[in-house]
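Visitor: I've got a model open and I'd like to walk through it with you. Can we start with how the helices pack?

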Amino acid sequence: MHKSPVIMLGGLHIDLSIVLMLLVTCTICLVLGLLATRNLSVENPGKLQNFLEWAVEFVQGLISSTMDLKKGRPFLSLGLALIMFLFVGNLLGLPLGVVTDYHDAEHAKIFGKQIEPVVKELDKLHAAADPASHEEIEVGVAWWKSPTADPAVAMGLAVMIFLLSHILGITRNTKNYFKHYFEPYPFFFPINLIEQVSKLLTHGMRLFGNIFAGEVLISVILKLAALGVGGWIASVLGLIVWQGFSLFIGTIQAFIFVMLTMVYFSQMLETHDEH
């Protein structure tokens, strides 16, 4: 596995590849949105306008399957932004990889800051290397990957939805929000608390686990090419099959994340009579 370009900035560990990929993902979504809405037409809509209208109707359908559409309409923009961000972000790591190699700790720097994992790994490899050996030591840094393959991004999104859903429950459905922690009996309170924490963990870790596992397998398949002609053929065939499957997984995970978001919102806004 390649290392991540992590630097220390203001006492924090900053993964520059994640910052870069978040910017790329947001830029692609913004450009798509601008292009799709640039020349809006009722009589002769363009392909991108048709796509965006389809995406809006898809998210509307998703919301109406979890709650009354009138109640869920304010979440349409959030749902659309989430599904576009996740769809683009989940698939970014599939088509290509950008890796830079470092041979000594002195040059493992960016913006004047040391790339910490590279320096540590090079120090470790140089310490373990045989002085009589002339084998070149190098450490690769991966700059291009899906942002959602990082646990901080996936859990950050899940925490955002978790906080928003509970704020909605407290502000718009106060009585039922607090009451549901003690249902069906008061001694169920600890179990209901655990349920809320488990929702947060599964929401974020499901997304991270599926996307990260897909990218790890792609890197393993690419290593088969080093085994000769047979390995190269197996690598190409495996890559075609797995990238097709990863396209499906990335799309499904974007759908599941947004669907669960709307389900959690619906549960927090649900009144006793509706239940």
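Predicted model: local features only at pLDDT ≥ 70, side-chain atom pairs only at ≥ 80, totals over all residues.

Visitor: At what angle do α4 and α9 pack, and how far apart are their axes?

Guide: The angle is about 155°, and the axes of α4 (residues 76–91) and α9 are 9 Å apart. That makes α4 roughly antiparallel to α9, because angles over 145 degrees count that way.

Visitor: Which residues of α4 and α9 meet there?

Guide: On the α4 side you have Leu78, Gly79, Leu82, Ile83, Leu86, Phe87, Asn90 and Leu91. They meet a set in α9 including Leu247, Gly250, Ala254, Phe257, Val258, Thr261 and Phe265.

Visitor: And how do the residues of that α4–α9 contact divide into nonpolar, polar and charged?

Guide: There are 13 nonpolar and seven polar residues in the contact of α4 with α9, with no charged ones.

Visitor: OK, what about α6 and α9, how do their axes cross?

Guide: The axes of α6 (residues 151–172) and α9 (residues 229–269) come within 8 Å and cross at roughly 20°. So α6 is roughly parallel to α9. This crossing of α6 and α9 is right-handed.

Visitor: Which residues make the contact between α6 and α9?

Guide: From α6, the list is Leu157, Ala158, Ile161, Leu164, Ser165, His166, Leu168, Gly169 and Arg172. From α9, it's Phe257, Thr261, Tyr264, Phe265, Met268 and Leu269. By type, the contact of α6 with α9 has ten nonpolar residues, four polar and one charged.

Visitor: Let's zoom out. How many helices and strands does the chain have?

Guide: Nine helices and six strands.

Visitor: What's the radius of gyration of the chain, next to that of a compact globule?

Guide: The chain has 23 Å, while a compact globule of 275 residues would be near 19 Å. Along the principal axes, the C-alpha trace spans about 80 × 60 × 40 Å. Buried residues make up 37% of the chain.

Visitor: And of the contacts between residues at least 6 apart in sequence, how many join residues at least 24 apart?

Guide: That comes to 73% of them.

Visitor: Is Phe111 buried or exposed?

Guide: Exposed, because its relative accessibility is 72% and the cut-off for exposed is over 50%.

Visitor: How about Asp15, buried or exposed?

Guide: Asp15 is buried, at a relative accessible area of 15%. Asp15 is found in strand β2 (residues 12–15). Leaving out residues up to four places away in sequence, Asp15 touches Ser4, Pro5, Val6, Lys145 and Asp150.

Visitor: Last one: what does Met8 touch?

Guide: Beyond residues up to four places away in sequence, Met8 touches His13, Lys113 and Glu116. Met8 and Lys113 are 105 residues apart in sequence, yet 7.2 Å apart in space, C-alpha to C-alpha. Met8 is in strand β1 (residues 6–9), and is partly exposed with a relative accessible area of 29%.

How values were computed:
Residues numbered from 1 in each chain as written. Heavy atoms only, no water. Axes fitted to C-alpha atoms, helices over the stretch in contact; angles between N-to-C directions. Helix = DSSP H or I, 4+ residues; strand = E, 2+ residues; numbered from the N terminus. Parallel < 35°, antiparallel > 145°, perpendicular 65-115°, else oblique. Left-handed = near helix turned anticlockwise from the far one by under 90°. Contact = heavy atoms within 4.5 Å. Nonpolar A, V, L, I, M, F, W, Y, C, P; charged D, E, K, R; others polar. Buried < 20%, exposed > 50% of the residue type's maximum accessible area, 1.4 Å probe, protein only. Rg over C-alpha atoms; globule rule 2.2 N^0.38 Å.
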